[in-house]
Amino acid sequence: AFLGIDSSKIHYYYHILYISLGYGSLSGTEYAYYGQQIPVTVTPDAGYNIDSVFVNDGMAPVDLYPNASGTYSFTMPDGFVEVYATFYPDLTIKSQPVNFTGAEGNTATFTVVAEGKDLSYQWQVYKNGDWKNTTLGGNKTATLSVGIMEARDGMTFRCIITDSLIS
């Protein structure tokens, strides 16, 4: 803290530390006095989204209020604070499942690799000119297991992936 004097008051100014936990940045006032409204700007890197923003005074969380996109504000407590932000990647498919050829009685596995927040998976099979959700093993995971039998020869599967940004 340092002492600041303006024309009518004495203020103790406290340091504000901005900490990005990767994939983005935070900016705002470096010093502030008790009761001052502090604007904070949070900017994710390209391909990332804001996951969480929080303020702590070393003892407890400080109330933080969202404003316009990427901006927040809080009331400066009587002491030093840290402002944190975490980020998560946009939904991105990192690797597609590959075709499988095998003998009857074996198990084919199809795996998709994706990144994003709170990913949900639903495997589908193409039947009679339409995509339908499958109930095969792993149908709601990144890896689908399909027992190989003559009736399944030539079947086509796909995986629908959604993240927390999809409502």
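Author: Start with a term: accessible areas come from the Shrake-Rupley method with a 1.4 Å probe, and for residues only the protein chains shown count as cover. The accessible surface of the protein chain is about 10300 Å². Carbon and sulfur atoms hold 51% of that surface.

Reader: What should I know about the model?
Author: This is a predicted model: local features need pLDDT of at least 70, side-chain atom pairs count only at pLDDT 80 or more, and totals for chains, interfaces and linings use all residues. Residues are numbered from 1 along each chain as its sequence is written, and side-chain values use heavy atoms, with hydrogens and water left out.

Reader: How many helices and strands does the protein chain have?
Author: Zero helices and 17 strands. Both are DSSP runs, numbered from the N terminus: helices are H or I, at least four residues, and strands are E, at least two.

Reader: Which strands form an open sheet?
Author: Four do, in the order S3-S5-S9-S8, with antiparallel pairing. Strands pair if DSSP finds at least two bridges between them. The edge strands are S3 (24-28) and S8 (65-66), each pairing on one side only.

Reader: And how many bridges join S3 and S5?
Author: Five, in the antiparallel sense; S5 covers residues 37-44. The bridge partner of Leu26 in S5 is Val42.

Reader: New topic. What box do the C-alpha atoms fill?
Author: Roughly 90 × 25 × 25 Å, along the principal axes.

Reader: What share of the residues is buried?
Author: Buried residues (under 20% relative accessible area, 1.4 Å probe, protein chains only) make up 31% of the 167 residues.

Notes: Buried < 20%, exposed > 50% of the residue type's maximum accessible area, 1.4 Å probe, protein only.
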